Amino acid sequence: MVFLQEKRGEKEFDLRSTSRKFPRGKLLNEIRNSQRKVAFANAKAMVISMKLIREKSCCFTGHRIIAGDELPALRERLREEIIRLAEQGIDTFLAGGALGFDTLAAQEVLSLRETELPEIHLVLVLPCLGQESRWDSESIELYHDLIRQADEVIYTGDIYTEGCMHTRNRYLVNHSSRCLCYLKDTAQGGTAYTVRYAKRQGLQITNLAGESETYQLSF
């Protein structure tokens, strides 16, 4: 498992020796910025060493909000589709780590990896360090649990920026040949953007929202 963890590393600050030189707020910002730089440098180094095979990979994209009465059927559809793809030779599943569908999909991959499909892998592709910082405590705990259990964790950015989510979404698509999505509104939003991009890149897309909708793969 690759866990790109924020850490002080070689850039560690000693609060006792530097407290006289910096106001406390500025000092803490210096520490956080240093941690981010070290962690992101490690992330880029580890991304270079990864060998994702596009033809054997599938990405997930979907809405953050899912109606409670839809969850059981959606979870079952996810499970069926992951098994079907595994039977076709797909062994790596990429999830973006967002709340909602991304989390549900990652949980199903982990569940199947521990039971019926020990050969499959979960790769979390995250938009930046600390994307969970404003989530509620239960969601943060679940997010960290997914990180601990994932086979690989990739950060596509250092800090949050206006376009970091799109960068993450394009990475998911560019490293996959299949896409399982949960798309109810085709007009706008990050999921719609990702599905449109996946279609342009020739991925085979299966929409798990309502009636199944599949686009054929053509490289």
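Is Leu-146 buried or exposed? I looked this up before anything else. Leu-146 is buried, with a relative accessible area of 4%. I noted the cut-offs: buried is under 20% relative accessible area, exposed is over 50%, and partly exposed lies in between, with a 1.4 Å probe and protein chains only.

**Ground rules.** I am reading a predicted model, where local features need pLDDT of at least 70, side-chain atom pairs count only at pLDDT 80 or more, and totals for chains, interfaces and linings use all residues. Residues are numbered from 1 along each chain as its sequence is written, and side-chain values use heavy atoms, with hydrogens and water left out.

**Confidence.** I checked pLDDT, the predictor's confidence in each residue, from 0 to 100. The protein has a mean pLDDT of 80, and 72% of its residues reach 70 or more. Over residues 37–49 the pLDDT is below 50, and this stretch has 20 contacts in the model beyond near neighbours in sequence. Residues 212–219 also have pLDDT below 50, with 23 contacts beyond near neighbours in sequence. A contact here means heavy atoms within 4.5 Å.

**Overall layout.** I found seven helices and seven strands in the protein. Helices (H or I, at least four residues) and strands (E, at least two) are DSSP runs, numbered from the N terminus. From the N terminus on, I read the order α-α-β-α-β-α-β-α-β-α-β-α-β-β. The protein has 219 residues, and 45% of them count as buried. I then took contacts between residues at least 6 apart in sequence: 78% of these join residues at least 24 apart.

**Helices α3 and α4.** I turned to α3 (residues 71–87) and α4 (residues 101–113), whose axes come within 10 Å and cross at roughly 50 degrees. Axes are lines fitted to C-alpha atoms, for helices over the stretch in contact, and angles run from 0 to 180 degrees between N-to-C directions. The pair is therefore oblique. Under 35 degrees counts as roughly parallel, over 145 as roughly antiparallel, 65 to 115 as roughly perpendicular, and the rest as oblique. The crossing is right-handed. A crossing is right-handed if the near helix is turned clockwise from the far one by less than a right angle, and left-handed if anticlockwise. Among the contact residues I listed Leu-71, Leu-74 and Ile-82 of α3, and Phe-101, Leu-104 and Val-109 of α4. The contact divides into ten nonpolar, two polar and three charged residues. Ala, Val, Leu, Ile, Met, Phe, Trp, Tyr, Cys and Pro count as nonpolar, Asp, Glu, Lys and Arg as charged, and the others, Gly among them, as polar.

**Helices α4 and α5.** Next came α5 (residues 137–149): its axis and that of α4 come within 11 Å and cross at roughly 40 degrees. These two are therefore oblique to each other. α4 passes α5 in a left-handed crossing. Thr-103, Ala-106, Gln-107, Leu-110 and Arg-113 in α4 meet Leu-142, Leu-146 and Gln-149 in α5. I counted the classes here as four nonpolar, three polar and one charged.

**Back to Leu-146.** Leu-146 sits in helix α5. Leaving out residues up to four places away in sequence, Leu-146 touches Thr-103, Ala-106, Gln-107, Leu-110 and Leu-124. Its C-alpha atom is 7.4 Å from that of Ala-106, 40 residues apart along the chain.

**Thr-161.** I ended in the loop between β4 (152–155) and α6 (164–174), where Thr-161 lies. Thr-161 is partly exposed, with a relative accessible area of 38%.
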